[in-house]
Every structure is written in structure tokens, then in C-alpha cells.
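I opened the notebook to write down a few things I looked up, one place at a time.

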Amino acid sequence: MQTHEIARRFTDHFTSAGHTRVASASLILDDPTLLFVNAGMVQFKPYFLGDAPAPYPRATSIQKCVRTGDIDEVGRTTRHNTFFQMAGNFSFGDYFKEGAIEHAWRLITSSTSDGGYGLDPDRIWVTVFHDDDEAAALWQRLAGIPAERIQRRGMADNYWSMGVAGPCGPCSEIYYDRGPEFGREGGPVVDEDRYLEIWNLVFMEKERAAGGTKDDFPIIGELPAKNIDTGMGIERVAYLLQGVDNVYETDLVRPVITRAEELSGRRYGATPEDDVRFRVIADHARSGVMIIGDGVTPSNDGRGYVLRRLLRRIVRSSRLLGVQEPVLGSFAEVVRDEMAPSYPELVTDFERISAVVRAEEEAFLQTLTAGSRIFDVAVADTRKAGGSTLAGDKAFQLHDTYGFPIDLTLEMAAEAGLAVDQDRFTALMAEQRDRAKADAKARKTGHHDGSVYRPLLDAHGTTTFLGYTDLAAEGTVVGLVVDGAAAPAASEGQQVEVVLDRTPFYAESGGQQADHGVLRAGSAIVRVDDVQSPVAGLRVHRGTVEAGTIAVDDTVVAEVDVARRASISRAHTATHLVHAGVRGALGTAAAQAGSLNAPGRLRFDFTSPTGAVPAAALAEIEEEVNTVLQQNREVETYETSMDEARTLGAMMLFGEKYGDRVRVVDMGDYSRELCGGTHVARTGELGIVKVLSEASIGSGVRRVEALVGNDALRQVSTEHLLLSQISDQLKARPDELPDRIAALVERLRTAERDLEKHRADAALGAAGALADSAEDVAGIALVAVAAPAGVSGNDLRALASDVRGRLGDRPGVVALFGADDDKVSFVVATTAAARDRGLAAGKLIPSFAAAVGGRGGGKPDLAQGGGQNPAGIPDAIVALRTALANA
């Protein structure tokens, strides 16, 4: 049975049982506890916690997941994968244990002709939490599983949580006996290779706090309802039903290995070493394409760093298989073709995905070249020192700074006849992991505690948003928060958070800044300077009580700052237009990666694997956007189904979670996006859009900043005034300025080069006089002086060498000091006769460097350094003279 068919049967089984089909969430969700979505329940977390009402009593999904904890183990075993698909069914206070067990049993044991998977019931084992007598009894009654095939396990194995604060509960896992050829008798507690886990049924009824360990963490109470969260591994079921030994042999993964075989000329299964490399390529190619598909680009931190590691491990594994040409684009094509039936966006977005992987491969090949040079130097230094082991610090530097995989370092070192200090490397890696864990812990503990708001949500429901049509409206105060705790009232001068049952205020979201304004309740006035949604469904107005006292149950008039809202709406509308203009100019590889919509200005981030946007293209984008403004197009907003939005070609932003009903902002054939923000009625209301700058903000990500409306007009006026002033000063028309300024710059450069040459000639001309002024110190000809003004660092070295040459065969030391504001440069040169007497330039520096507040070093014949105390130059000369006298 093909993998796509396995997923289809799962979905059909549960939709026919009354479950709402929910699309997979993006791998990137706004949850500070997660780098990537790693379980099917993540997008439903607010429903389990009661932070938001579930829009349906039961749901089913096929969720794409990435787990990154075992990246280094991928390929070494056939059990570890980074990307996988988790099929799940969910109940939000509807059915519980009996329903979950019955649904699962029917699907896995029903015949294939009846829509099931046709697994042999006599080969199925289950585990339950050690004290869950109810689940054990249900398995016996509903499924007929004998007691000897029901095993009880502790908290580490059969009590599920995300590992962080959130929902949790006891679970029951379903295993399939693959047969004696795969391991020992005795069930899952004895051998989890033979008895393969395929499905986990979680009875989600508790809430846990942060901290603790996997088998001992704090449980702080009951969830608002008893829920069901299940996860079935699509890939695991696939290799059972396809009669293969592991996921790498299944229909969606094996084609990547086949492509790697074609490129390398080697065969999977020939050697254990090559098999590891084939599996790394197959796993990471799928993960990389899916992660890029959801908007991540390679970088040096967070999700981008994980992606970079995955892609570079593919390139490295391919090189070890003997493939020298670029490979990532080819592997991405295979992943696209195999995964597209379930994820059609991989086809529509493939231009962007392909551009990202090709750019990263090109960058990594350059890294390999640079790293190889550093490696060669390290090998030479090791041999020169008589060593046979490359330092672990150097191996770590190659890995951490240059992205050089340790496996590659080990292999190259072996070819060079050297070992590597792996213990030191491992210790440094452990230190790095500890720092990463500390960062992750900080990220987790920074997750917002919504406990103060949940009772308000439970008691009063969600806040009704009126702001699309109204800028002033009446509402009722349903909650107040002062100093982080619920309060009955707040008085003049207090900072307060106000929750209303209905409001026209827009809460910061989707890059759009929050509304400002006032709340009036009789004589009480609250100045609102921020609006947030700390838990889904509630809008919290944050501000200061400027007069009177506001209390729970008060009726208030909420008034939005109209001018600010209008200015932000213009900026948000302009962002849509700039987005469309950028994609029109650069292609679909340019996808939104972030935005900021503030009063009168916008910031738009987008992926651009090919680098900077040419100035001419940027000017064309600006002109095109302003043409749309002049056309005064209608800006329509309407709700529709997600399927209809896709049919209309509406743009969807990566990482956003959309429901079945979506809001479309439509400017005709120029721009059509899903968006919950506020916008103008017609494009002409924007007035003008002025692009200020375009720059890089990270690997493969660019940022455009622009002004809108009056802010843009003021900028244009300012630029016009500056242009007029420059034209007057240069006596040239504005269109002549580029050539005139270029000519001036070239003349200035020529003059600077002539001046520099004049200074160098003058300095070198002083060499004879300096040599003639040498004093005798204990038989050493010493020239120690402050160099003439204007002598640069390079000239200082040249002058010192010239003076040394003029000293002839005499033992001689030359020390020249140059002062520049609050800095000192110095050079020491010694003649051969001086070195024969044991006077090395580098070893003389410590005798005087402290006087100028500096340090330095170098070779016996020439050394240099610097300091921070020009006033100490005379003392430094005295100190050097004393050192020579005592030598």
C-alpha cells in the first residue's frame, strides 16, 4: 500500500466518523517552546488548554513534523528520522478512551477492501500506563486482545507530554510484532525493534508545569475537559504494509537514494559506510525541502541553522560517495515529485525552494574550499611541531566557524596520517550544547503564562472585534489585570490591562502595530498605548488610568486613534503592494519572511537567494506600485473557504495558521493575499510610496523599507531640497550630478595617492639621517626615535628596514614609533650581527611596550606592535636603551 494511500485511508476513516478534516499546520508556528512543529497536537494546543474554544468537537489531520534531537544519529540507524508525517485524530471534550481505542482498532484491523490497513490482530500488542486499569479493560473488551499482550509501563514510556508546560496525560501505545527474525520474544518491554510502535493514543486530561524529568514532572491540575490526542506514524505503517525493513525502503524515500545511486555510481546495501551516507541524503533531503517550503532559509542560528546543517550534511555525504558536482537541486526535484500529491505547494513554490538549496550549496562549496585551506595549515603546524594528532580545538574551530563536518575532518586527517583529539572536540561540542540548552530553557520559560486570562475566556468567551467597520464602540469591562493579577478596579495613575467583551481596537498581529486610543467609562479615562492577544481569542488593552476609576462590569466607550489607524492601514496596504511588486520583479523565489506596518512606514522582509536587488529593479518596483496607487483600485476584503482562496491564487504567508474560513484582501489581478489586518478602501488613499533602502538582514533574506503618504511626501521634499543645494554648490543640473560627483571623487583619490606617495618619499628620505644619528649602547648601534609625522604603518616598516640596511655589518637595533591621536604604532628591526649576539626583535618588545600601554611581537629580524599612550614614547626609548645596556 502506497504512503499517500495510507494517509488517505486514515483521513477517510475519521471523516466518515464525524471528524473535521484539518490541514497540516506549517512546521513553523508562533510557539517559543518549539523550533519546529513536532507532533500533530501542536496546532490544537489552545483547545486542549481551554485558551480558545474548539471550532469542532472532533478533528483529524496528517501533520508534517520535524524532530531535530537526533540529527547526528540519522543514517547510523534505520530508526532515526528528522521529517515524518503524523496522522492523528482528536477529541475536544467529546469521546474519550473507549472511542479512541475503538476507532484505532477498526482502522488497523479492518480489511483493505473495507478501507482499513488489514493488519493481523494476533500480532498486535499494546502498552498502557501502569495504573490505567480502564484502558487495559477496554482493549480486552473492544479488541479482544488477551491480557498477556497488554503490558504496563511507567511515566517515561506511557505518560505523554510535550516536555514543556502544557497538556499531558496517560497514553496507550499500539505495537506490531514484526516476527522472530527481528528480535526477541516478550513484547515491547523486551524489544522495540521487533515490536514496532505505530500509534500512540493519548488520554489528554492533565496539565503539567515546566521542569522535572521525562519520568517525573509536576502535574498541576485537570484540563477543562477530557480530550483525545493520537499520533500514528505514517512512514512506520508504510514500511509494515510495503513489506520492507525500514522507512528508507518505502515508496516516498527510496527514490532519493536511487537518485544518489545514479549520481555516485555506487549501490545502497554494498557497504555499511556508504549506506549511512545514502540514508543521510534521503532523510535530510525530505526535511530540508519541507522546511524551506514553510519559509525557512539557511542561517547561523535557530531554525535556519538546523536547515543549514541538514543541507550541508547532504553535500558532505554526497562528496564522500564520490559526487563532485552540485546535488541539492537534483535531490529537491525528487522530493517534490514524490511528496507533491500530499503537498501540492511544493510544486507551486519550487522555484523558490530550488533557488534556496542551490544558493546554499554554492556557499558551502566555498566554505569547503576555505576550510580545506585552514585544515592544510593546521596539518602543517602539527607536523612542524612534531605532533601526530590534530588539536581538538582546531577541529572544533573548523566545525563551528567554517561549517566543516567533523567526519570530514577525521577522514582528511587520516589521509594525512594524523589522528584527531576527539575527546577535546567532544568536550567543546558538549559546552556548545549546554549553551544551546540554556538558550532553549530561557526560550521555554519565556513562554507567556496565560493563567490570569483563561478564567476570563472561560467565563465570557472571546472578544468580538469590531474594528473592520467601527473605530468607536461601546463595550463592557469583563476583566482587569493590575501588576499581573486580576483586579476588581484600577485608579488614576495605575498601569492596567482591560479586557472588553467587544472592541474596535486592533491587537498587534501579522506585523501590524496595535491601535492606540482611549477608553471612557463615566469620568474614568484609560489611555491605551498597546493592545495584545496573550491567549487566543482575547484582546487586552494596556495603558494608564489618566482619570477616575475603572471597574469590572463598567460600560465603556472605546475610541481608536483615527489618524494613527489610518496611517497604519495605509502602510499595511502598501506592504501588500510592495510584496506583489517584489514577486513580479524577482519571481516566486521572493517570498515574504516578515513585515512591520507602523504609522507612515513599512518594513518588508523577503527571501532572495540570488542576493541584492539591483537598484534599477527597486526603482521599477517603486514606479509600478505608485502606478497602482494612481489607478485608485478598490481594496476588497471578504471571507471565503481555504479551498476557494487557493483557487483564486491568494498568497498565504509561511508560518501562519489559517482556519477553514479565511479573510482575503483583494486588489484585483495585482495583489490578492490572506490577511487579518486593516486596510484602506482604495489604493489612491496611500498618496505615494517611497522606497528608502534595500539591504541584507541575514543569509538569503533581504529587507525593503519604505514610507507611505505624508511621510513619503516629506521625504521626497527633503531629498529635492538636498539635491538643489548640491546642484548649486557644483554648478550643475541635477541630471549632471552623477558624472560630476564621479569626476570629483576620482580627482580626490588621485590627490590622496599623490599625497601618500609624497609622504612615503619624504619618510624614506630621512633614512640616511636616522642611520647617521645612531648612538652606541654597549657596542650596539641604536636608532630609537619617533618617526616623522604622517608616516603610516606600512611606511614605518619600510623605513625601519631601510635604516637597518644602512647600519651595515654593525650590530644594530632600529626602533621607530609613530603616533596617531591616542594610538601608537612601533616597529623593531635588528641586523644580522645583532641577532648573532642574541638580540631578537620580537623579544625586545616586552622591555618597552608597557611604557606606551601596548604589546606586540614578531620574528627575530622584524617585529611590530601598538599601544594606547603616545605620551609614553620617550619612556619607551629609555627603557629600550636600558635593556640593551644590560643585555
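Predicted model: local features only at pLDDT ≥ 70, side-chain atom pairs only at ≥ 80, totals over all residues.

**Helix α3.** I checked the length of α3, residues 97-109. At 1.5 Å a residue, its 13 residues should span 18 Å, and the end C-alpha atoms are 18 Å apart, so the two agree. Next I looked up which residues of α3 are buried. The buried ones are Lys-97, Gly-99, Ala-100, Ile-101, His-103, Ala-104, Trp-105, Leu-107 and Ile-108. I noted beside this that an α-helix has 3.6 residues a turn, so residues three or four places apart point the same way.

**Gly-322.** I found Gly-322 in the loop that runs between α9 (302-320) and α10 (328-339).

**Asp-553.** Where does Asp-553 lie? I located Asp-553 in the loop between β21 (549-551) and β22 (555-560). Its phi is near 80°, which is a positive value in a residue other than glycine.

**Lys-731.** My last entry is Lys-731, in the loop between α20 (710-730) and α21 (737-765). Lys-731 is not a glycine, yet its phi is positive, at about 55°. Is Lys-731 buried or exposed? With a relative accessible area of 71%, Lys-731 is exposed, because the cut-off for exposed is over 50%.

Note on methods
Residues numbered from 1 in each chain as written. Heavy atoms only, no water. Helix = DSSP H or I, 4+ residues; strand = E, 2+ residues; numbered from the N terminus. Expected span 1.5 Å × (residues − 1). Buried < 20%, exposed > 50% of the residue type's maximum accessible area, 1.4 Å probe, protein only.
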